[in-house]
Each structure stands twice: as C-alpha cells, then as structure tokens.
Amino acid sequence: MFEGCKFYIIKVEKIRRRKIMKEERFLPAKGKIAEDRRILKRVENLFKRDEALKNEKIDISVVSGEVFLDGEVRDKTLIKRAEKLVRSIKGVKKIVNSLSV
C-alpha cells in the first residue's frame with residue numbers, strides 16, 4: 001500500500017468549522033512527488049478554466065496520486081463537477097472529496 005514511500009509522517013492541521021483536524025499522511029518518494037505536482041497543477045488549471053468553479057474557494061492537495069478536495073462551493077452540482085474534472089486526469093488513483101455547500 002505504501003510502496004515507494006518514505007515513512008515520514010506529515011501532520012497537517014486544518015481549521016474547519018472551528019475545529020482543528022489533524023491528518024497523518026506519508027511523504028512519497030521523489031518520483032512520486034513530481035507526479036503529484038503534475039496532478040496538482042493540472043487540477044488547478046482545470047478549475048481556473050472552468051466557468052462554474054473558477055471563483056470557488058477549493059483547497060487541493062495531492063499525496064501519492066490521491067487528490068484531496070476541501071472547501072465550500074455554492075451548490076451541490078459543483079461538488080460533482082469538481083470530482084468529474086479530477087477523474088479526467090491521468091494518474092489520479094483516488095479522490096477524497098470533502099467539499100460542502
């Protein structure tokens with residue numbers, strides 16, 4: 001499952017709805033970091049060019065091909081739209097969609 005990963009744990013703190021959530025993720029090996037950056041840039045570009053999503057505040061992170069979406073959007077259709085765009089990107093293994101309305 002964690003093939004090619006260095007076992008350093010990154011603690012990511014996020015403030016969401018007045019709660020501090022901590023996530024533990026594994027830092028990927030160098031080759032995977034380059035791939036994650038490519039995926040991240042592609043997601044950012046797709047969201048910027050999409051008329052419905054370009055003004056939404058969506059936090060994007062990518063770890064080992066897993067794309068994490070967090071933030072708030074205007075309506076439920078935008079949640080599905082964001083996920084559909086991410087699925088179209090080569091190399092995405094999983095999407096963790098935490099977007100809310």
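This is a predicted model: local features need pLDDT of at least 70, side-chain atom pairs count only at pLDDT 80 or more; totals for chains, interfaces and linings use all residues.
Residues are numbered from 1 along each chain as its sequence is written, and side-chain values use heavy atoms, with hydrogens and water left out.

**Helix α2**

Helices (H or I, at least four residues) and strands (E, at least two) are DSSP runs, numbered from the N terminus. Helix α2 has 12 residues and reaches 17 Å from its first C-alpha to its last, close to the 16 Å expected at 1.5 Å a residue (the expected span is 1.5 Å times one less than the number of residues). On one side, Lys76, Thr77, Lys80, Lys84 and Arg87 are exposed. The buried set is Leu78, Ile79, Ala82, Glu83, Leu85 and Val86. As background, an α-helix has 3.6 residues a turn, so residues three or four places apart point the same way.

**The sheet**

Here, 3 strands form an open sheet in the order β3-β4-β5, with mixed pairing; two strands pair if DSSP finds at least two bridges between them. At the edges are β3 (57–63) and β5 (94–100), each pairing on one side only. Strands β4 (residues 66–72) and β5 run parallel over 7 bridges, and Leu69 has Asn97 in β5 as its bridge partner. Helix α2 (residues 76–87) packs on this sheet, touching β4 and β5, and its direction makes about 160 degrees with that of β5. For such angles, axes are lines fitted to C-alpha atoms, for helices over the stretch in contact, and values run from 0 to 180 degrees between N-to-C directions.

Asp50 lies in the loop between α1 (30–49) and β3, while Glu66 is in strand β4. Contact means heavy atoms within 4.5 Å; the contacts below leave aside neighbours up to four places away in sequence.

| Residue | Relative accessibility | Class | Contacts |
|---|---|---|---|
| Glu66 | 26% | partly exposed | Ser61, Lys94 |

Glu66 and Ile95 are 29 residues apart in sequence, yet their C-alpha atoms are 5.7 Å apart in space.

Conventions:
Buried means under 20% relative accessible area, exposed over 50%, partly exposed in between (1.4 Å probe, protein chains only).
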